[in-house]
Amino acid sequence: MSETTPTRLPRILSGIQPSGQLTIGNYLGALKQWVQLQSDYDCYYCIVDMHAITVPQDPNELREGTRRNAALYLACGIQLEHATIFVQSHVSAHAELGWILGCFTPMGWLNRMTQFKDKAAKQQAESVSAGLYTYPTLMAADILLYQANLVPVGDDQRQHLELTRDLAQRFNSQYGETFTIPEGFFPKAGARIMGLDNPLAKMSKSDPSEYHAVYMLDEPDRIRKKIMRAVTDSGSGIYFTDDPAKAGVNNLLTIYQAFTDETTEAIEARFAGKGYGDLKKAVAEVVVEGLRPIQQRYRELTADSGLIDEVLAQGAAKARLVANATLNAVRDRIGFLPALDRA
Ligand code: TYM
């Protein structure tokens, strides 16, 4: 690179669906990493409302959830000098590239997606949408439009990221270098937080059970109550383990570790000889204290009614510039005639 060429920071793109209250799984698996990585990257953090509608959504709740996600991104510490926060549906290039990539995706690849199988199994077979099936090609479009180098996500997104990489490689080899091949970034602790009521299932924002998830905006007493009720086992040892019989204890320790960043050894030493009640109390306190400043900042940000919409308007304008540049290159590569009225 010549001395006069300005160096561009590598890019990040990631997103969260506005499909319910965000959980500590979303925080530890994604948001906390977004904040930690932000100063070393040019970041694009998206609210993926088009992904949310792959399953039925109430329109008012979707609008509310979209603004709430944006406010939570900021409340966690995302800074606008490092990151562009925007709504997926505000940048129509996502829909267009999603369609184009869909035409390059063998159905066999989509048939292998475990998340589709899991989500489809929760619905009546005849009401499963085509959008749920092609969800991964839209996600690939989100990432590839920004030429993202890194995609910080939880463990459940590994397969979608692999498909994105495969698609980008296939397109590049057919049409010439067009897309950056993205790498995944998965946190060491917190990539897979499990349900409190069922530690063998991933904690999810769409699970209806009251004691399944801690939400980022839960009141402290509610958080304590949920964690005190968490399913454990009839034994007594407190240590990190892959043993499914102790998945509840392992999950509580993982939550503790992801909030405190303490080492495995330090945590095991702290709880040696203690009971599950002590463990739960300690976990509840680190969660309450970890979320307290975020909740405080969230209240301040949402007290100003126009602020979030303004952030999203500016974000969409910035995102469009990057996304449209990639989309134009793709249109040209695949042989779409340029629209001469389009500036
Ligand atoms: P969503 O909304 O389901 O999840 C958002 C992020 O939270 C992570 N996550 C978890 N991490 C640890 N433990 C859990 N229990 C847990 N639950 C959720 C997810 O891994 C994810 O990082 N398909 C994406 C949304 C998306 C996207 C993208 C992500 C659409 N386009 C482009 C990255 C890049 C999803 O699962 O959203």
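Student: What kind of unit do β1, helix α1 (residues 24-37) and β2 make, and what makes its hand right or left?

Tutor: In this predicted model, β1, α1 and β2 form a right-handed β-α-β unit. The hand is called right because, with the strands pointing away from the viewer, the path from the first strand over the helix to the second runs clockwise. Helices (H or I, at least four residues) and strands (E, at least two) are DSSP runs, numbered from the N terminus.

Student: Before we go on, how should I read the numbering and the values?

Tutor: Residues are numbered from 1 along each chain as its sequence is written, and side-chain values use heavy atoms, with hydrogens and water left out. The model is predicted, and local features therefore need pLDDT of at least 70, side-chain atom pairs count only at pLDDT 80 or more, and totals for chains, interfaces and linings use all residues.

Student: How do you know that strand β1 (residues 11-16) and β2 are paired?

Tutor: Two strands pair if DSSP finds at least two bridges between them, and here six bridges join β1 to β2, the two running parallel. Within this pairing Leu-13 stands opposite Tyr-44, and Ser-14 stands opposite Tyr-45. On its other pairing, β2 is joined by five bridges to strand β3 (residues 83-87), again in parallel, with Ile-47 opposite Val-87. As background, in a regular strand the side chains alternate between the two faces of the sheet.

Student: Why is β1 described as largely enclosed by the rest of the structure?

Tutor: Five of the six residues of β1 are buried, so the strand is largely enclosed; buried means under 20% relative accessible area, exposed over 50%, and partly exposed in between (1.4 Å probe, protein chains only). Strand β2 (residues 42-47) is likewise mostly covered, with five of its six residues buried.

Student: Why is Gln-38 counted as buried?

Tutor: Gln-38 has 5% relative accessibility and therefore counts as buried. This residue is placed in the loop between α1 and β2. Leaving aside its neighbours within four places in sequence, Gln-38 is in contact (heavy atoms within 4.5 Å) with Cys-43, Tyr-45, Gly-77, Ile-78, Gln-79 and His-82.

Student: What makes a set of residues a nonpolar core, and which residues have the most contacts inside the largest one?

Tutor: A nonpolar core is a set of buried Ala, Val, Leu, Ile, Met, Phe, Trp, Tyr and Cys residues joined through side-chain atoms within 4.5 Å. The largest has 61 residues, and those with the most contacts inside it are Leu-31, Tyr-73, Ile-85, Ile-227, Phe-259 and Val-287. Helix α13 (residues 276-303) gives the most to this core, with eleven residues. The core draws at least three residues from each of domain 1 (11-186 + 305-334) and domain 2 (220-300), where the bounds come from an automatic or database domain assignment. Apart from this core lies another, of 40 residues, among them Ala-93, Leu-110, Tyr-133 and Leu-167.

Student: How far apart are the C-alpha centres of domain 1 and domain 2?

Tutor: The two centres lie 30 Å apart, and the contact takes eleven residues from domain 1 and nine residues from domain 2.

Student: Why is Leu-101 called buried?

Tutor: Leu-101 has 0% relative accessibility and therefore counts as buried. It sits in helix α4 (residues 93-102) and touches Thr-137, Ala-140, Ala-141, Leu-144, Leu-167 and Phe-179, not counting residues up to four places away in sequence.

Student: How many disulfides does the structure hold, and how do you know?

Tutor: There are zero disulfides, a disulfide being a pair of cysteine sulfur atoms within 2.5 Å. For Cys-76, the nearest cysteine sulfur, that of Cys-43, is 14 Å away, and Cys-76 is therefore in no disulfide. Cys-76 is buried at a relative accessible area of 12%, whereas Cys-103 is exposed at 52%.
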